[in-house]
Amino acid sequence: MHKNYLGIAALLGAVTVAIGAFGAHGLQRITSDPVILHSYQTAVQYQMVHVLALLAVGILFERFSAKWLSWAASFFLAGIFFFSGSIYIITYLKINGMSTRWIGPVTPVGGLLFIAGWLFLLIAVQRKKA
């Protein structure tokens with residue numbers, strides 16, 4: 001197991017639950033725009049899925065290539081930051097009537113980072129000799 005990745009996953013898991021609770025309760029008091037609420041929920045959902053992926057990577061360190069698992073973990077973390085983080089910023093900007101054009105292109109980059117993380121995980125498990 002990789003203690004650092006497990007610790008980061010645990011911390012991010014707690015943060016994700018708090019962010020999700022805010023979205024389910026507090027954010028709905030601020031805006032009723034279904035597009036904003038749906039986008040926010042998507043960010044929380046993707047964040048939690050990738051927190052769980054990071055947790056799995058931390059556990060898999062004992063059995064598979066540390067090099068490729070480190071890449072997977074790094075890309076999952078970057079994906080959370082870019083994908084979910086950009087949507088949280090977009091939510092804030094939209095609620096406050098501000099332009100989102102400058103941050104919008106960041107979200108797909110986060111998606112690509114998630115995909116790369118999954119591919120690095122695939123490489124890690126495929127490189128294991130039977």
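User: At what angle do H1 and H3 pack, and how far apart are their axes?
Analyst: This is a predicted model, where local features need pLDDT of at least 70, side-chain atom pairs count only at pLDDT 80 or more, and totals for chains, interfaces and linings use all residues. Residues are numbered from 1 along each chain as its sequence is written, and side-chain values use heavy atoms, with hydrogens and water left out. Helices are DSSP runs (H or I, at least four residues) numbered from the N terminus, and axes are lines fitted to C-alpha atoms over the stretch in contact, with angles from 0 to 180 degrees between N-to-C directions. For H1 and H3 the angle is about 15 degrees and the axes are 13 Å apart.

User: Are H1 and H3 roughly parallel or roughly antiparallel?
Analyst: Angles under 35 degrees count as roughly parallel, over 145 as roughly antiparallel, 65 to 115 as roughly perpendicular and the rest as oblique. The H1 and H3 angle is about 15 degrees. H1 and H3 are therefore roughly parallel.

User: Which residues of H1 make the contact with H3?
Analyst: Contact means heavy atoms within 4.5 Å. On the H3 side, the partners include Ser70, Leu77, Tyr88 and Ile95. From H1 come Tyr5, Ile8, Leu12, Ile19, Leu27 and Ile30.

User: How are H2 and H3 oriented to each other?
Analyst: Helix H2 spans residues 34-60 and helix H3 residues 66-95. Their axes are 9 Å apart, at an angle of about 165 degrees. H2 and H3 are therefore roughly antiparallel.

User: Which residues does Val57 touch?
Analyst: Residues up to four places away in sequence are not counted.

User: Is Trp102 buried or exposed?
Analyst: Trp102 lies in the loop between H3 and H4. Buried means under 20% relative accessible area, exposed over 50%, partly exposed in between (1.4 Å probe, protein chains only). Because its relative accessibility is 55%, Trp102 counts as exposed.

Definitions and conventions: Helix = DSSP H or I, 4+ residues; strand = E, 2+ residues; numbered from the N terminus.
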